[in-house]
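My entries follow in the order I made them.

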Amino acid sequence: MATVLELQPPPPLLAAAHRLRTPFPSTSHRLTSLSNSRGRRPSLSCTAQIAKDYAISRRNAMALIFPSYILSKVDLQHTALAQQPVVFREYIDTFDGYSFQYPQNWIQVRGAGADVFFRDPFVLDENLSLEISSPSSSKYKSVEDLGSPQDAAEKVLKQSLTEFMSTRLGVRRESNILSTSSRVADDGRMYYQVEVNIKSYASNNELAVMPQDRIVRLEWDRRYLSVLGVENKQLYELRLQTPENVFAEEESDLRRVMDSFRVNKVAG
């Protein structure tokens with residue numbers, strides 16, 4: 001059972017338009033040794049208002065601009081949109097020992113296989129999940145038990161590719177490690193951050209006999225951002241997924257989620 005405490009933000013100065021997004025299919029859950037067999041625990045979710053400026057995409061801007069005779073007002077509209085508040089909620093799991101912030105409009109999905117799973121209600125291919133290693137099969141002392149951030153990135157990428165293995169003919173995956181880093185947060189713990197890109201290609205006619213009839217096309221192109229931390233002798237991974245074509249627009253929000261992730265000591 002979850003308890004939600006909300007601090008409602010003050011009314012915006014202008015009724016700015018909501019972000020326009022195109023739905024995508026949701027992703028599969030992690031196929032890993034991380035344990036999620038326990039039942040639901042009490043958790044706390046509360047809201048915090050964060051104001052930021054963001055650049056509206058050309059697609060969204062055009063959807064907000066009416067006939068050409070008011071194009072002279074575009075700068076004023078952009079100024080109003082830049083003042084739109086962005087609201088985050090904080091998810092706190094005191095039973096398993098972790099917390100993070102997430103965008104207010106994201107919804108929780110039950111039974112997704114992860115310890116907790118949230119997704120964007122509009123961009124269905126954009127989501128976050130939290131995985132915890134099994135306490136019976138892991139005795140981590142520090143995230144450095146994974147090796148260097150680069151070593152951890154290779155493990156994350158290998159696991160992700162295992163998830164997306166397909167039995168369909170003509171399916172091909174391309175993957176790349178984009179960045180790795182480590183940081184010591186304000187709780188004094190070391191965290192690793194990993195970013196990878198995975199592309200999926202498939203034939204539009206996988207049963208065709210002639211090679212020229214099997215035209216390969218891009219199915220999806222996604223970025224995965226993981227934050228890894230260790231506490232309670234367990235490895236925690238917060239993973240965010242987003243389509244590459246919306247990453248630039250969503251980057252500041254996603255990095256806010258990553259930076260907010262903390263693991264906490266659970267009382268014995």
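Ground rules before anything else. Helices (H or I, at least four residues) and strands (E, at least two) are DSSP runs, numbered from the N terminus. I am working with a predicted model, so local features need pLDDT of at least 70 and side-chain atom pairs count only at pLDDT 80 or more, while totals for chains, interfaces and linings use all residues. Residues are numbered from 1 along each chain as its sequence is written, and side-chain values use heavy atoms, with hydrogens and water left out.

**Entry 1: the E10–E11 hairpin**

I started at the turn. E10 and E11 form a hairpin with two residues between them. I use "pair" for two strands when DSSP finds at least two bridges between them. By that rule E10 and E11 pair in the antiparallel sense, over 10 bridges.

Next I checked accessibility, where buried means under 20% relative accessible area, exposed over 50% and partly exposed in between (1.4 Å probe, protein chains only). Asn 232 counts as buried because its relative accessibility is 18%. Lys 233, at 54%, counts as exposed.

**Entry 2: strand E11**

How many residues of strand E11 are buried? I get 10 of the 10 in residues 234–243, so the strand is largely enclosed by the rest of the structure. I then sorted the side chains by direction. Gln 234, Tyr 236, Leu 238, Leu 240 and Thr 242 point one way from E11, and Leu 235, Glu 237, Arg 239, Gln 241 and Pro 243 point the other way.

E11 has another partner in my notes: strand E7 (residues 127–132) pairs with E11 in the antiparallel sense over six bridges. In E7's direction, Ser 129 stands opposite Arg 239, and Ser 226 has Arg 239 in E11 as its bridge partner.

**Entry 3: Arg 222**

I looked at Arg 222, which lies in strand E10 (residues 216–231). Is it buried or exposed? At 6% relative accessibility, Arg 222 counts as buried. For its partners I listed polar contacts (N or O atoms within 3.5 Å; within protein, one must be able to donate a hydrogen and the other to accept it, and residues adjacent in sequence count only if both atoms are side-chain atoms). The Arg 222 side chain makes a polar contact with the side chain of Asp 125 at 2.9 Å, and one with the side chain of Tyr 224 at 3.2 Å.

**Entry 4: salt bridges**

I counted a salt bridge where a side-chain nitrogen of Lys or Arg is within 4 Å of a carboxyl oxygen of Asp or Glu. The count comes to 13 salt bridges.

Asp 186 forms one with Arg 262, with the closest N and O atoms 2.9 Å apart. Asp 186 lies in the loop between strand E8 (172–184) and strand E9 (190–203) and Arg 262 in strand E12 (residues 262–263), so the pair ties together parts that are 76 residues apart in sequence. I noted that Asp 186 is exposed, at 69% relative accessible area, whereas Arg 262 is buried at 16%.

Glu 231 forms a salt bridge with Arg 189, the closest N and O atoms being 2.8 Å apart. Here Glu 231 is in strand E10 and Arg 189 in the loop between E8 and E9, so the pair ties together parts that are 42 residues apart in sequence. Glu 231 is buried, with a relative accessible area of 15%.

Arg 223 and Glu 244 meet in a salt bridge at 2.9 Å, N to O. Arg 223 is in E10 and Glu 244 in helix H4 (residues 244–260), so that pair ties together parts 21 residues apart in sequence. Both Arg 223 and Glu 244 are buried. I also found them in a network of salt bridges that links Glu 195, Arg 223, Glu 244, Glu 251 and Arg 255.

**Entry 5: nonpolar cores**My rule for a nonpolar core is a set of buried Ala, Val, Leu, Ile, Met, Phe, Trp, Tyr and Cys residues joined through side-chain atoms within 4.5 Å. The largest has 25 residues, and those with the most contacts inside it are Tyr 98, Phe 100, Leu 128, Leu 238 and Phe 261. H4 gives the most to this core, with four residues. A second, separate core has 16 residues, including Leu 146 and Leu 228.
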